[in-house]
Amino acid sequence: IVQAVGSILTGSLALLTDTAHMLTDTSGLLVALIAATLILRPPSPKRTWGFRRIEVVAALGQAALLLAVGVFTAIEGVRRLFEPPEVPSGELLIYGIIGLVANVVAISVLASSRGANFNMRAAFLEVLNDALGSVGVIVAAIVIATTGFQQADALAALFIAALIVPRAIILMRDTTRVLMEFTPKGLDLDENRRHIEELE
């Protein structure tokens with residue numbers, strides 16, 4: 001909320017992107033919590049998997065949202081390289097530090113559970129990258145304050161987009177593999193078939 005207010009007051013694209021990224025993180029954690037609760041429901045004749053795959057669907061939705069944020073930021077960032085608005089560096093620095101502190105706290109909470117499932121992995125990676133985004137905002141604020149180079153804000157936003165887009169695509173690919181029921185990684189289906197056919 002503090003970062004959202006800051007992005008409105010400063011007009012910073014980097015801070016706006018970092019805010020959107022953090023809001024996606026927050027919604028992702030809420031979805032992960034809901035998914036973790038639904039997973040506990042037992043299978044039934046109508047739902048043979050129960051709700052086991054809800055975490056995969058949730059992670060896919062999260063990845064799609066991240067990709068949209070990344071693409072918007074890339075387009076707007078390039079535009080602002082040529083038409084940079086005036087961004088107050090002092091306020092930008094303060095909001096960047098607040099964002100970084102919040103992300104460090106979130107990283108410490110999520111670190112131990114990051115390997116549990118898709119959602120926890122996605123949430124941890126998002127918060128980790130969001131922390132790097134906050135560092136980008138801080139660096140941009142310092143550059144603007146010391147040199148007056150206003151394009152630093154757009155460059156920081158493009159840096160954040162570069163963190164978001166590849167990770168979103170990888171997560172979308174991995175979750176789609178699960179939903180499409182592709183052969184799991186590391187499984188040689190032909191070898192598995194040969195082994196089974198050798199048995200009486």
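A residue is called buried when its relative accessible area is under 20%, exposed when it is over 50%, and partly exposed in between, using a 1.4 Å probe and protein chains only. By this criterion, 38% of the 200 residues in the protein chain are buried. The structure is a predicted model, in which local features need pLDDT of at least 70 and side-chain atom pairs count only at pLDDT 80 or more, while totals for chains, interfaces and linings use all residues. Residues are numbered from 1 along each chain as its sequence is written, and side-chain values use heavy atoms, leaving out hydrogens and water.

The protein chain contains 7 helices and 0 strands; helices (H or I, at least four residues) and strands (E, at least two) are DSSP runs, numbered from the N terminus. Along its principal axes, the C-alpha trace spans about 80 × 30 × 30 Å.

The interior may be considered next. A nonpolar core is a set of buried Ala, Val, Leu, Ile, Met, Phe, Trp, Tyr and Cys residues joined through side-chain atoms within 4.5 Å. The largest such core has 18 residues, and A14, L15, L92, V137, I144, I160 and I164 have the most contacts inside it. At least two residues of this core come from each of α2 (13–39), α3 (54–82), α4 (89–110), α5 (118–147) and α6 (151–179), and α6 gives the most, with 6 residues.

Leaving aside neighbours within four places in sequence, V137 is in contact (heavy atoms within 4.5 Å) with A14, L15, D18, L92, G96 and I160. A second, separate core has 7 residues, among them M120, A123, F124 and V127.
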